[in-house]
Amino acid sequence: MKKLMKLTVALSAIIIALSFRIILPEGYVPGDTARDFKLKNVNGKMVSMADYKDAKGFIVVFTCNHCPFSQAYEQRIVELHKMYAGKGYPVIAISSNDKTLVPDDSFENMVIKAKEAGFDFPYLYDESQEIAKAYGAMRTPHVFVLQKTATGNAVKYVGAIDDNSDDEKAVTKRYVQDAVNQLLEGKSVAVPSTKAIGCSIKWRKA
C-alpha cells in the first residue's frame, strides 16, 4: 500500500511538472525562411519587416531591459545599427519576456530603456511571445541575421553578437559583423551559427 501511495505521489508530481512545462518549437536554423511579424514599437506604431522596402536584410535581436547580458550589449547593438542600417541591414530589437514575471520588461519600461540607451531602431514588444517561439529565441540577446530573397527572409546566421559579453575590448570574433559583411560582399556566411549567451527568455506559464 505504501509503495502504491509513493507511486501515486510521484506520478502526480510528474503530471504537475509537465502541465507547467513550456513546449517550444526548435526554431529557425540557417537556411530556413523566417516569418514576418507586426509588433508594437516603443513609439506606439506597429512595425513589420515588410515596411522596409529598400532593406537587403535585417539584424533581428531578441533582447530585454533587465538582463545584465542585454545591458552589456546595448551599445554594441546601437553600433551595429549605425554600421549597417545605411547598407541595408537595419537592427530590429524585440523583447519577449513575460512582464508578470519580470516587471522591468514591461512595455512602459521598454519606452524608458529605448530613450535612455539611445536606441534609434525599433524596439518591439512581443507580448504574446509568438515571435520568439517561432524563431526559437531562447536567450537575451539572441540574434538572427536575415537576408531578403525572392522567396522570403532567409536565415543566414543565428547566435551570439560576438565572443565576449564581459569586455568589448577583449572581443576577438565579431560574429554578426562578419556575417553581415560577408553577405554584403556576396559571400556565404563562414560561421552561420554560434551559441547565444545570455539570460533565458522568461516564458509565460501555461
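How many of the eight residues of strand E8 are buried? In this predicted model, the count is six, so strand E8, spanning residues 142-149, is largely enclosed by the rest of the structure.

Strand E8 pairs with two other strands. Its pairing with E4 is antiparallel and consists of six bridges; within it, Gly 57 stands opposite Gln 147 of E8. Strand E9 (residues 152-159) also runs antiparallel to E8, and seven bridges join the two. Leu 146 has Val 155 in E9 as its bridge partner.

Aromatic side chains link E8 to other parts of the chain. Nine aromatic pairs are found when the whole structure is searched. In one of them, the ring centres of Phe 62 and Phe 144 are 5.7 Å apart and the ring planes make an angle of 80 degrees, so the arrangement is edge-to-face. Because Phe 62 belongs to strand E4 and Phe 144 to strand E8, this pair ties together parts that are 82 residues apart in sequence. Both Phe 62 and Phe 144 are buried. Phe 144 has a relative accessibility of 1%, which falls under the 20% limit and so counts as buried. Phe 144 also pairs with Tyr 135: the ring centres are 5.4 Å apart and the planes stand at 85 degrees, so this pair too is edge-to-face. Tyr 135 is buried as well, its relative accessible area being 0%. Phe 62, Tyr 135 and Phe 144 are among the members of one aromatic cluster, to which Tyr 28 and Phe 37 also belong.

Thr 63 is located in the loop that connects strand E4 (57-62) with helix H2 (68-84). Despite this loop position, Thr 63 is buried, at 6% relative accessible area. Leaving aside residues up to four places away in sequence, Thr 63 touches Ser 70, Ala 93, Ile 94, Ser 95, Ser 96, Tyr 123 and Thr 140. With Ser 70, there is a polar contact between the two side chains, at 3.1 Å. The C-alpha atom of Thr 63 is separated by 9.6 Å from that of Ala 137, a residue 74 positions away along the chain.

The charged end of Arg 76 is placed over the ring of Tyr 73, at 4.1 Å from the ring centre. Lys 40 lies over the face of Phe 107, with a distance of 4.5 Å to the centre of that ring.

Definitions and conventions:
Residues numbered from 1 in each chain as written. Predicted model: local features only at pLDDT ≥ 70, side-chain atom pairs only at ≥ 80, totals over all residues. Heavy atoms only, no water. Helix = DSSP H or I, 4+ residues; strand = E, 2+ residues; numbered from the N terminus. Buried < 20%, exposed > 50% of the residue type's maximum accessible area, 1.4 Å probe, protein only. Contact = heavy atoms within 4.5 Å. Polar contact = N/O pair within 3.5 Å; in protein donor to acceptor, adjacent residues only side chain to side chain. Pairing = 2+ DSSP bridges. Phe/Tyr/Trp six-rings, centres within 6.5 Å; stacked < 30°, edge-to-face > 60°. Lys NZ or Arg CZ within 6 Å of the ring centre and 35° of its normal.
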